[in-house]
Amino acid sequence: MGVGVRVLLLFTAANDAWQPVDYVESFQPAGQAVLHGQDPVLASDGGWHFLPTIPYAYGALLWLGIPWSYAGRLVTVVADIVLIPLVAKLAGGPRASLRALQYALNPLALLVAAIHGQVEPVALVFGVAAFVVARGPGSPYRNGITTDVVARVRNGVRAYGVRGSIPRIVGRGGMLHRALLPGTGDRAELKRALWAGVLMGLALSAKSWPIWLIPGMLLLLPHLRARIVALVTTGAVPLFFFVTLPVFAGTKWSQLPDVIKVIQDIRPIVGEWGWTPQFTGGDWSLEPGMAKIGTNLIYLTLVVVALLWRRADPIDLTIAMLLAFMVVTPRLGAQYLMWFMPFLVARPTRFAWPAIIGVSLWAGYGYLYMTQFDVNTWWALHSEWSRASIVLLPILVMAMPWGRRKATAPAIITPRPTPDKESVSLV
């Protein structure tokens, strides 16, 4: 069903007279640049601010003769279709199929992937796959937490004998020392970490925001060595795409610093979402001061969230971080709201569906209704639309996994009482 709906919307959007501005003026030039052997970042006049991973796919489809109105959306629709079974894998348990269906019919995913052709699904398909690989095989949940967490708790009980003991961190026999020692199944665990890192690296090569997914992925891995491997490979993949620009994209070696400059150049546009439209009258505005305040607020908020959810399941930590980002960010496109969707659908909270429905309605109004009018009417509607988004902020806060800030399994970590010697002798 999810495949059919996406394909139908793809054909409908591709034949529509209205096409998104960035889809035509930013994404298409990047694909055409690759097709003609040019650097997609420099040749698109700053319209493409990311590594050339996705433009390579654009260029290949254009080379096959597929019209751009289809080619660009084909990349994102295919990625979003692959996300459907990945959400089921991420969810696990008896409701995995239900979670997959819920994502398959998610209104925001349909809008972003099939109508707008925004590249968030490409970053997400690699990011979610990295989580699935990092967590490893087997039944993903038991008593609401990952089996990996259960195993660690059991090992802790065996090692320290009593509930609530504080394990030794450093020194011989400590956690760090044991983490660096080879163990049973080490080769398989490191291979898992390697592939998880490659997938997360591909997510970062698609867009820069999956950096917020890295902590959760690393925490899903079993030990320090695996996390080091994953972290190194995560960084190596985007580095590969960058240093091979002269080979695959026709970039001159002397132009590589210019490419870095363009990728890092993010204009401080605010006024689309949340708290900033209240200061800009609901219009876009270049406000470096407001953008700087918002950026610092993001860093501070995510540190606080990381501390509050430090004992949570890594997926719940990721959900909390992404939702908190949406609440405090000074700049946002409707496609940003896709970041948390696969995770929140896979692990819904009490207020997950009010949040999902709310942001979908808000984005749908912008995608489907506002685009039916002329420029002046669009701007008038945008002013009210952007300011109305502040209503969604408390709903996103409530949708955070407040009840899952600590991954506990009381039935597992409570040790059995040891029978005394007299009882044993009587038997």
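Leaving aside neighbours within four places in sequence, V125 is in contact (heavy atoms within 4.5 Å) with A79, V82, L83 and L86. V125 lies in helix 8, residues 120-135; helices here are DSSP runs (H or I, at least four residues), numbered from the N terminus. The model is predicted, so local features need pLDDT of at least 70 and side-chain atom pairs count only at pLDDT 80 or more, while totals for chains, interfaces and linings use all residues. Residues are numbered from 1 along each chain as its sequence is written, and side-chain values use heavy atoms, with hydrogens and water left out.

**Setting of V125**
- V125 counts as buried because its relative accessibility is 10%; buried means under 20% relative accessible area, exposed over 50% and partly exposed in between, with a 1.4 Å probe and protein chains only.
- T76 is 49 residues from V125 along the chain, and their C-alpha atoms are separated by 9.7 Å.

**Helix packing**
- Helix 4 (residues 53-63) packs against helix 5 (residues 68-91) at an angle of about 140 degrees, with the axes 9 Å apart; axes are lines fitted to C-alpha atoms, for helices over the stretch in contact, and angles run from 0 to 180 degrees between N-to-C directions.
- This angle makes helix 4 oblique to helix 5, given that under 35 degrees counts as roughly parallel, over 145 as roughly antiparallel, 65 to 115 as roughly perpendicular and the rest as oblique.
- I54, A57, Y58, L61 and L62 of helix 4 meet W68, A71, G72, L74 and V75 of helix 5 in this contact.
- Helix 17 (residues 288-308) and helix 18 (residues 314-328) have axes 9 Å apart and an angle of about 155 degrees, and are therefore roughly antiparallel.
- On the helix 17 side the contact includes G294, L297 and I298, and on the helix 18 side it includes L317, A320 and M321.

**Aromatic rings**
- There are 25 aromatic pairs in the structure; rings of Phe, Tyr and Trp (its six-membered ring) pair if their centres lie within 6.5 Å, with planes under 30 degrees apart counted as stacked, over 60 as edge-to-face and the rest as tilted.
- One of these pairs joins Y369 and F373 edge-to-face, at 5.1 Å centre to centre and 70 degrees between the planes.
- Y369 is partly exposed at 40% relative accessibility, and F373 is partly exposed at 36%.
- A cluster of Y23, F27, W48, F50, Y58 and W68 is linked by ring pairs.

Key
Helix = DSSP H or I, 4+ residues; strand = E, 2+ residues; numbered from the N terminus.
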